[in-house]
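Please look over the model below with this note beside it.

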Amino acid sequence: MFLPKLSFSLFLAFGLKRATAFAPYIATRGGATRSVAPPSSINAIPEIFQALESSVQSCDLVLSKVTTEDYGELAKSFFIVLLFGGGLIPAAIAANKSMIGTLSGKRAGGDEDRSNYVLESGASGPELPGQSLMFASEKIPLVDIIAIMGRIQGYQSIADWRNLPSTERSPNVMWLPRDMFKENIRKAKFMGWPVDPVTGQPIGGLELEKAEKARISKSNPTIGDAALDAVFDTWAWGASIATPDKVESTLALYKNGNSFNIDEFVGAAIRGRAVTGLGALTFIVIQVVAYGTLFIAPFLRVFFDIDIGFGQLGDCDGVCKTLF
């Protein structure tokens with residue numbers, strides 16, 4: 001395709017020649033000063049017309065090689081990019097912003113009202129192991145997880161499944177929103193410090209129980225939202241709602257009565273957030289393919305004669321150089 005590669009070097013040379021040929025100079029005669037053209041200007045006129053004629057012939061020669069197919073290819077490429085790329089970029093910006101927020105810890109259905117969001121509970125003791133793989137926005141103290149597990153006695157204890165916003169529209173659709181789960185857990189009664197299923201010892205040790213049990217046993221204690229999100233994600237997998245069947249089957253992996261398997265819980269939380277990570281990776285791959293096909297690959301073919309694949313838009317001027 002010749003249109004993007006039309007040279008303006010002849011035009012530039014002609015412009016420079018004209019600027020030097022017709023530059024005025026100051027002449028003085030009889031005390032009067034006037035601007036006149038230098039004598040060389042008149043002699044340069046034939047050279048100027050010759051350069052102009054040569055540039056016109058060169059442009060005609062290049063334009064004569066541009067066929068109707070070249071115009072059609074250019075119009076097709078422009079139309080396709082405008083059609084698909086016009087709305088793609090604003091939507092992609094919004095989607096990428098949302099994706100970055102999710103990977104940085106923001107959860108769907110629970111973070112909209114930041115006025116009630118608890119950044120930290122002030123709990124002492126160790127942090128929850130493996131939380132770096134959960135995309136948590138804040139640190140998760142182990143005591144916060146204990147405070148939540150001490151309030152869960154089966155899936156029926158976290159919500160009135162027959163009295164949800166979704167059941168008001170359809171009795172058989174039982175969807176528990178994330179923010180309602182957080183509210184219910186904070187209001188629930190603390191039933192006891194969970195214990196290790198193997199050793200029977202309190203999770204975190206006797207010293208941690210002695211230091212924190214009185215605080216977390218109170219009504220409506222301070223529990224960080226990051227810990228509540230980690231628990232919710234074990235069965236919701238990054239979604240904004242939970243269903244009773246998923247909650248029941250997931251709780252059976254790590255919570256049985258008052259026993260709590262911390263390793264199983266961490267694995268379930270990581271698997272739940274891995275779905276979000278996989279979705280983000282898939283979205284990035286889709287963007288690479290889309291932008292490569294619509295913008296990057298045609299640009300490299302037309303202007304640099306380089307073919308990197310990604311569709312057929314744009315033509316090289318001659319033989320394409322391949323990188324792969």
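1. In this predicted model, the largest nonpolar core is made up of 44 residues, and those with the most contacts inside it are Ile158, Val231, Trp235 and Phe265. Two or more residues of this core come from each of the elements α4 (142-149), α6 (178-187), α7 (206-216), α8 (225-236), α9 (244-254) and α10 (262-304), and α8 gives the most, with eight residues. As background, nonpolar side chains in soluble globular proteins tend to be buried together.

2. Phe265 deserves a look of its own. Leaving aside residues up to four places away in sequence, Phe265 touches Leu128, Ile145, Met149, Ala230, Val231, Thr234, Tyr254 and Phe260.

3. How many aromatic pairs are there by the ring-centre rule? The count comes to seven. In the pair formed by Tyr254 and Phe260, the ring centres are 6.1 Å apart and the planes stand at 80 degrees, so the pair is edge-to-face, given that planes over 60 degrees apart are counted that way.

4. Are these two residues, Tyr254 and Phe260, buried or exposed? Tyr254 has a relative accessible area of 2% and Phe260 has one of 0%; buried means under 20%, and therefore Tyr254 is buried and Phe260 is buried as well.

5. Two further arrangements of aromatic residues can be checked in the model. Phe181, Phe232 and Trp235 form one aromatic cluster, and Trp235 is also among the residues with the most contacts inside the largest nonpolar core.

Methods. Residues numbered from 1 in each chain as written. Predicted model: local features only at pLDDT ≥ 70, side-chain atom pairs only at ≥ 80, totals over all residues. Heavy atoms only, no water. Core = buried A, V, L, I, M, F, W, Y, C linked by side-chain atoms within 4.5 Å. Buried < 20%, exposed > 50% of the residue type's maximum accessible area, 1.4 Å probe, protein only. Helix = DSSP H or I, 4+ residues; strand = E, 2+ residues; numbered from the N terminus. Contact = heavy atoms within 4.5 Å. Phe/Tyr/Trp six-rings, centres within 6.5 Å; stacked < 30°, edge-to-face > 60°.
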